[in-house]
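Hi there,

Here is the structure I promised to pass on to you. Have a look around it first, and then read on for what turned up.

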Amino acid sequence: MKFSQEPELPGKTGTASVSAVNWTYVLDEALLLEGCTAPVYPLGVNVLLARVGGAVFAVSGKCAHMACPLSMGRLEGYTVVCPCHDWRFDVRTGRFLDAPELGLTVYPTKLEAGKLFVNLG
Ligand code: FES
């Protein structure tokens, strides 16, 4: 099983952009099925989880256009489609497919002991 961010190794140090102290539990892994999304709210932040090809991705749960909830949209491969005006975003990169300079915040994910974590940075 793949995740968008490999777990931190014990004792790992350095200048990695992912802080080891900012991992927040969001969901039991078994509850996120392949090809599905789930809204989660680590520390009150609206995040959308998506599982595609066995990997788990996490992006902002609010559309970059007018903040509609992407959890109400649909997932087509790696693309989440906003329910309001059909803007499409790649869950791997957060990029808006029709204008890649726009996009969603992407959060690293990891799996530990059957539990999914998101790093808000
Ligand atoms: S609010 Fe998402 S496309 Fe308009």
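Leaving aside its neighbours within four places in sequence, V47 is in contact with V26, V40, Y41, P42, A58, S60, G61, Y107 and V118. Please keep in mind that this is a predicted model.

V47 also belongs to the largest nonpolar core, which has 25 residues. Within that core, V47 and L49 have the most contacts. Where do the core residues come from? At least two are supplied by each of β1 (23-28), β3 (47-52), β4 and β10 (115-119). The biggest giver is β3, with 5 residues.

Now zoom out to the protein chain. Which elements would you expect to find there, and how many? Of its 121 residues, 28% count as buried. Among contacts between residues at least 6 apart in sequence, 47% join residues at least 24 apart.

Next, the sheet. In the order β2-β3-β4-β8, 4 strands form an open sheet with antiparallel pairing. Its edge strands are β2 (37-40) and β8 (106-107), each of which pairs on one side only. On the β8 side, 2 bridges join that strand to β4 (residues 55-60), and the two run antiparallel.

Enjoy exploring!

Best wishes

Terms used:
Residues numbered from 1 in each chain as written. Predicted model: local features only at pLDDT ≥ 70, side-chain atom pairs only at ≥ 80, totals over all residues. Pairing = 2+ DSSP bridges. Buried ≥ 20, exposed ≤ 12 C-beta atoms within 10 Å, placed from the backbone. Contact = placed C-beta atoms within 7 Å. Core = buried A, V, L, I, M, F, W, Y, C linked by C-beta atoms within 7 Å.
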